[in-house]
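User: Please go through this model with me, one question at a time.
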Amino acid sequence: MQRRLPEILAPAGDADSLAAALAAGADAVYFGLDEGLNARARATNFSAETLPATVDQIHRAGARAYVTLNTLVFEHELPVLERLLRACAQAGVDAVIVQDPAVALISRALAPTMEVHASTQMTISSPEGAEFARQLGVTRVVVPRELSVSEIRTFAAGTPLELEVFIHGALCMSWSGQCLTSEAWGGRSANRGQCAQSCRLPYELVIDGAVRPLGDVEYLLSPLDLAGARAVAELADIGVASLKIEGRLKGPHYVLTAVEGYRRWREAIARKQDTTREAQRSLQQDLGRMAVAYSRGFSDGFLAGSDHQDLVEGRFPKHRGALLGVVVELNGASVRVQRAERRPSGGVALGNGALPLGEVKSPLPVIGDASAADARGVPPELPELIPGCGVGFDTGRPEAEEPGGPLFGVEPAPDGWWLRFGRPGPDLSQVKPGHAVYLSADPRLTADTKAAVEEGTRGVQGRLGVRLIVRGKEGEPLTARLEALGPAGRSAAVEGRTEERLARASGGGLEIALLSSKLGAFGGTPFRLEEVELSALGPGLHVPVSTLKALRRPLVEALEARVLGAARHAVAPADVTAQVIAEARARHEAKSAQASATSPAYARPTGPGAALALHPVAQQDRQRGSTPERSAVGAGSNEARPHDCLHERSAAGARSKDARPHHLRSAPRELRVGGTSDEAHRQDSFHAPTPGSESVLSPQHHPSASKPSTPPAEPALVPLVRSAAQLEAVIGLGLPEVELDWMELNGLATAVSRAREAGLRVTVATTRVQKPGETGVDERLSKLKPDGVLVRHWGGLAHYSRQPTAVRPLVHGDFSLNVTNSVTAHHLLALGCDTITAAHDLDEVQLHALLAHTPAGRFTVTVHHHIATFHTEHCVYAHTLSHGRDFRTCGRPCERHQVALKDRQGREHPVVVDWACRNTVFNAQAQSAVRAVPRLLKAGVRRFRAEFVWEDEATCAQVLSSWRALLAGQLTASELTRTVEAHEQFGVTAGTMRTFSASSSG
């Protein structure tokens, strides 16, 4: 198969990084705007006012410009969003990168010719999820960094959309778009560009309630950086459109080395020279320069499949540079360093040096003595050490400033070097034998970067190919036509004529060499001459050279203006946001009315149109790639997964209740709700409908086939449970409805049967994410015939929206769909969501702004839970408690132990494993929205969810009893809080539902 060349896509966090990217030959750059709505709010970014000039600079360099509007959008920001999209379109931005479906919908209505790319923050992780994105008008999906090359191949085979793959840079520990640590712990939402990098903090490992010492391995959630060079050839074969370099918070040194290195490697692959030693050594040298510019250490990430022993080293969270070796001797101001490789960590390190077990599932080519069995990547070749290079010493205290400085001298030593420092120099009294040493600066790289920034700032020249067509006859003017070639040329063409007429030449006449040097001399411009066509020019003709030069200048100026102008998009003149909201609301209401006429259930779309349909604008898009149309959704995979998802676990594998962390263990079962003072009751209580009325809070049971005819008129308490004991608590209280989140899926069928026997309406939860080949999970959930499905990923929405109305369960969209505005909400309701759970990124003010513009009765608000902070492909159990690379060799310690991560405040965050070995880290501290409930009821919200993780039956019953009493007007907010706090070691917090002032709600 002929290899397709993917573009090299570079980050630009500031003007210098943009200039370096263009000078290095990036095919495209992505950047954010100062005005917000981009996922790197801490980057310098660019202003909307100067956006036209910035985009022109990029286009003159023959590159494409992508603007990141890849955060969630709050209701009050919708007008701001439209202004930014209008500025992007008018400036000629090639594509906007989006997380929120609302941004895609408004962008397509505003400027249909401007491409929309689904950010990795949107968590489009499967072909079925891509079908949802395609319906929005998306033309490209930035796939999650958790996919292996083989999974990306399956993804590509299941969608006609272009795929963009991260190839280099920092890895997020959590699935992008699914990390709530910053929001839960610091009020800084990662989905709003304010990531607090909680994965880069130290944690202690708590196993079955006891701390397990790990020595100097403290950064258990801090992955090494991605350097995916080994995957480039196969990604090109697959037809991936773009190789993306992460790093808008990094500087021009980093951008320059990464773009140059991957561009050279891509070209070697295109020439089919990537197997030669010369090309591979050049790659290793480039990786060495990249490591010096910025690195926490390199790995293949997940491109080779899961490798839980090599993804995290765990000894430091920040830039170290390229590993030189370890200190073996000190002598005054000199240090002898011996070459060494990075050390293993976790279970392998604690197992007396044993090697990791097993092999990765998607092995990558062996390059530079790399191993096909692991995901450690290509070994970098270090730059030659010279005076002026900077080094740093790892003294085991990465949170402090560690010693380091420039070299004054370098001498060879056995298997290493003597490094000599000047005075003043680093404090070598802190340095001991065994400490690791890193190369962190190189004066040659500094000089190269300075030159590249200067070139990129002046304007990169000669990147746009041009065809010159000359025609004419004797006695007529000479006509010259310039045509800009390739996608960057945008089919722009200009034409001009000489004032003088062609005359018979006394010599050789106008030939290719002369015309190329006079008409095609494009030095100092964005253009270069690639082709000359003279078939329509008569032989032996002549005009003065000065005439040719005079013709060239206006033609070049006109062509440049034509190329830049062709990039700009026509925009709709009206208030597009209002139009999109109205259309989304109309679709939702029309389908609701249609469904209400035929079904007593929650109103929902019916008929063939209920399935996801292609956005009409998307049908007009020109496919730039050569990937043929394929079936939009793959048929799934029969490959065995980590757990046989719906089979019962054997008794021997069941967890002991006694293994729970002490703060989630048994508490007294009886709950006293009376005895409050009148004053307290007046201050913080509220009255719900009379308990004796036909409320869903009453202990009546409904047959499993019955479904609510409308959104409930009375407040409904909806428990979400994760264990059989918690389910028994729900049954014992006589609640009519339950949501089952059996993360490992083992025993789910039994739980569904038990709930049905008790007369409960049963909703089952999908997995948090869906990888390519995992559609079978949704199919198996459907076979359980639940009353409802709690949908957590876009693939699940696509799956259940296609089911016939007669068999389709109620579709409850969960928090992980990240709904924060009315455009997205109405769109999902029209597609078939019966209810939507408000995103956890909303505080109380922002939530009410959303509810004011949507049917509040269709919303669920989670009022009690241990918020799911990290959702990660990396398994803490396998890394720390085994030698295995993945589920095939880890021995499944998750079946014998319960792990929590203890943070610097002493809080222990439970870690729960799902069926695919993905870990979810739940917040140790319970979050309660109790004081927000009165206003939510007044706004029309009727579904209130209480979620549980490891709580036992008694604790679950106490919390649910308290909430039922509160909603029935029998318990005050203060009393409920006190009751719950009595059984929560770390107390209760308002968390993401705290109330901010209106001025801070953005």
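User: Which residues of α1 are buried?

Analyst: The model is predicted, with local features needing pLDDT of at least 70, side-chain atom pairs counting only at pLDDT 80 or more, and totals for chains, interfaces and linings using all residues. Residues are numbered from 1 along each chain as its sequence is written, and side-chain values use heavy atoms, leaving out hydrogens and water. Helix α1 spans residues 15-24 and is mostly covered, with eight of its ten residues buried, where buried means under 20% relative accessible area with a 1.4 Å probe, protein chains only, and helices are DSSP runs of H or I, at least four residues, and strands runs of E, at least two. The buried ones are S17, L18, A19, A20, A21, L22, A23 and A24.

User: Which residue caps the N-terminal end of α1?

Analyst: At the other end, just after α1, G25 takes a positive phi of about 100°. At the N-terminal end, a side-chain oxygen lies 3.3 Å from the backbone nitrogen of D16, and the capping residue is D14.

User: Which are the edge strands of the open sheet?

Analyst: Seven strands form this sheet in the order β16-β15-β19-β13-β14-β18-β17, with antiparallel pairing, two strands being paired if DSSP finds at least two bridges between them. The strands that pair on one side only are β16 (404-406) and β17 (409-413).

Note on methods:
Buried means under 20% relative accessible area, exposed over 50%, partly exposed in between (1.4 Å probe, protein chains only). A polar contact is a pair of N or O atoms within 3.5 Å; within protein, one must be able to donate a hydrogen and the other to accept it, and residues adjacent in sequence count only if both atoms are side-chain atoms.
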